[in-house]
Amino acid sequence: MVESINLIIGKKSKKCLFDKHHDFKITIDSSFLESRSCTIEIVFNCDIIQFRNHDYTWVAVTKNHIANWHSPKIIKLENNQLIQANQQLGVWEVDASQKHILLWHLNPRYSKPLAQYDLDNSKRIVDGFHIDALTTSLGLLFVKDYGIEISRSQVPFSAVTCFTDHCDFDSVENLKQQRAFFKKYQVKLTKGFFLNHYSKHDFSASYEHHSEEYKKWLDDGHELAYHSFSQSIKPISDSLNDFQNFKQVLPSISTYIDHGFQPYNVSLYKNYEQINNDYGTVLNERGVKNLWNYVDTGTAVKGVINQINPNQFTLDTFRRGIADLDWKTRQSMFIKNTIFHYFNNDYSLHLYRFIARYFKTIGRKKSFSKHLQLFKNGLKVIRLFIPILFFWQKRKHSIYPLAKFSPVIFKHDITGKSFTVFQTLEMIDFKLGLCQNNLDLLIAERGLFIAHTYFSAPMNYHQGKLFGKVDEIDAQVEKNFDYLSQKIRSKEIWNPTLTELIHYLRQMETIVFDCDSEGQLIVHHQNQLKTRKVS
């Protein structure tokens with residue numbers, strides 16, 4: 001059934017050796033496997049007619065299909081032969097234009113995206129670095145009766161909701177309100193906090209001043225995460241010293257979330273020689289294992305909720321998701337979403353930030369040059385959007401660059417230490433993002449999200465906030481969380497903390513499938529993973 005196997009690195013292609021152990025198993029020479037990007041092209045002598053989708057259903061090969069490490073790697077040929085990968089590593093891709101070809105990507109561009117900022121705050125997306133140590137060669141199993149797929153949830157084949165909250169606007173008063181709210185609905189989250197009290201806001205909460213309140217969050221089943229070490233930015237030398245000298249306050253805290261433009265952020269530390277060479281060592285010694293650095297798959301609105309479904313992350317899906325909002329809000333949200341997720345480059349972000357800053361300070365007196373710069377930048381933004389308007393039918397279904405492979409989590413090495421980086425779904429509007437239809441969609445797709453939230457956000461321009469008014473929970477948002485709570489209790493949704501989710505998912509790194517000479521599937525290193533047969 002396998003006609004040939006080729007190794008593609010860049011624009012070069014060469015034959016790849018493989019061994020046929022018996023009729024039900026071949027292994028592929030994996031000595032080439034490094035941290036760089038490469039693709040194994042597997043050519044069959046017949047077409048692939050079905051692809052096991054991320055929602056654990058069979059779909060006909062009518063378009064492009066992707067299966068990253070967290071989704072089943074199972075296909076069916078036109079002769080009804082099931083073929084399964086012997087491990088979850090890498091990304092499978094099948095396209096309707098070449099149904100007889102299976103691509104097995106290893107470290108493709110944007111499969112491990114990291115944000116990096118220069119000293120002038122210009123942004124670029126780079127690829128994470130980690131060399132996967134194979135315990136067994138990559139292989140294909142031609143199973144006889146059934147394949148085996150792995151649940152992404154500890155509650156077998158349920159949806160997964162994980163909240164990581166940024167504490168930018170937390171006060172001790174609204175912290176207590178938030179904690180009481182989440183206790184009422186038995187929703188767990190990973191709560192960011194500022195370690196030291198240094199803030200331009202008088203109300204800002206910090207572990208330094210409010211440690212007893214944060215410990216109550218732990219008592220309620222939540223977990224804590226460093227959201228930098230202070231709300232505001234200190235002088236550079238003081239900030240770098242804070243990083244080098246910070247102490248682990250609790251052994252359970254293992255996550256660091258970037259905040260603002262702190263110089264010791266994961267996205268900025270390389271600009272500072274004082275911490276660059278020992279950055280990974282310092283974090284590792286303080287118990288930090290998980291990192292986030294400004295990479296969102298997209299923004300949650302109606303119909304955009306499942307982080308591992310790339311087809312939800314398109315301009316058209318977003319447009320339909322905000323259709324019920326007023327005209328001004330729709331235009332503002334659509335422009336921002338397009339800049340941040342569709343273009344997602346420093347040029348468009350620079351233009352957007354200048355224009356947004358101009359209008360946020362509209363009441364202040366501005367020079368003629370500022371008005372002129374607004375006019376010029378406005379024209380540049382219009383130029384960006386003209387091709388979208390003229391070629392809407394073609395571009396409306398284009399998947400955002402950082403959503404195609406939907407990595408969710410991946411390993412990244414910093415100064416010799418290995419960390420888990422997690423990608424998020426921005427969730428500002430809890431009326432749209434957590435509406436009942438979205439939760440039902442997430443359940444139907446057995447989907448997953450790690451939400452990037454601001455539960456205490458007070459800004460008037462934020463739609464669907466938790467606090468509709470100061471000190472008052474929004475009624476519709478509360479109704480949505482009540483519905484979520486019901487689905488958690490009925491085990492249709494698993495609601496882990498970030499650490500719990502990572503601990504479960506990382507078991508997929510070591511699971512190995514094998515096939516004996518009779519075509520029977522064997523599972524090694526299943527650990528606590530939930531699995532089921534599929535035929």
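Which residue just after α2 takes a positive phi? Gly221 does, at about 100 degrees. The close-ups below show a predicted model, in which local features need pLDDT of at least 70, side-chain atom pairs count only at pLDDT 80 or more, and totals for chains, interfaces and linings use all residues. Residues are numbered from 1 along each chain as its sequence is written, and side-chain values use heavy atoms, with hydrogens and water left out.

**View 1. Helix α2 has a bend at Glu213.** This helix covers residues 207–219; helices (H or I, at least four residues) and strands (E, at least two) are DSSP runs numbered from the N terminus. The bend is about 40 degrees, taken as the angle between axes fitted to the seven residues ending at a residue and the seven starting there. End to end, the C-alpha atoms of α2 span only 16 Å, while a straight helix of 13 residues would span 18 Å (the expected span is 1.5 Å times one less than the number of residues).

**View 2. Here are the buried residues of α2 and their neighbours.** Tyr207, His210, Ser211, Glu213, Tyr214 and Trp217 are buried, meaning under 20% relative accessible area with a 1.4 Å probe, protein chains only. An α-helix has 3.6 residues a turn, so residues three or four places apart point the same way. The buried residues of α2 pack against α1 (172–185), β18 (190–193) and β19 (223–226), with contact meaning heavy atoms within 4.5 Å.

**View 3. The largest cavity has a volume of about 50 Å³.** On a 1 Å grid over the protein atoms alone, a cavity is a set of points where a 1.4 Å probe fits but cannot get out, and lining residues have an atom within 4 Å of a point. Strand β16 (residues 147–150) gives the largest share of this lining, three residues. Among the other names on the list are His70, Lys73 and Met508.

**View 4. The second largest cavity comes in at about 40 Å³.** Its lining includes His54, Asn68, Pro310 and Ser406. His70 and Ser71 are also part of this lining, and both turn up around the largest cavity too.

**View 5. The second largest pocket holds about 670 Å³ of space.** Of its 31 lining residues, Trp69, Leu89, Gly90, Asp132 and Glu509 are the closest to the centre. A pocket is an open set with protein on both sides within 12 Å along at least five of seven lines. Strand β23 (409–414) supplies at least two lining residues, as does β12 (101–106); β23 has the largest share, three residues.

Conventions. Buried < 20%, exposed > 50% of the residue type's maximum accessible area, 1.4 Å probe, protein only. Points joined across faces, edges and corners; volume = space filled by probe spheres on them.
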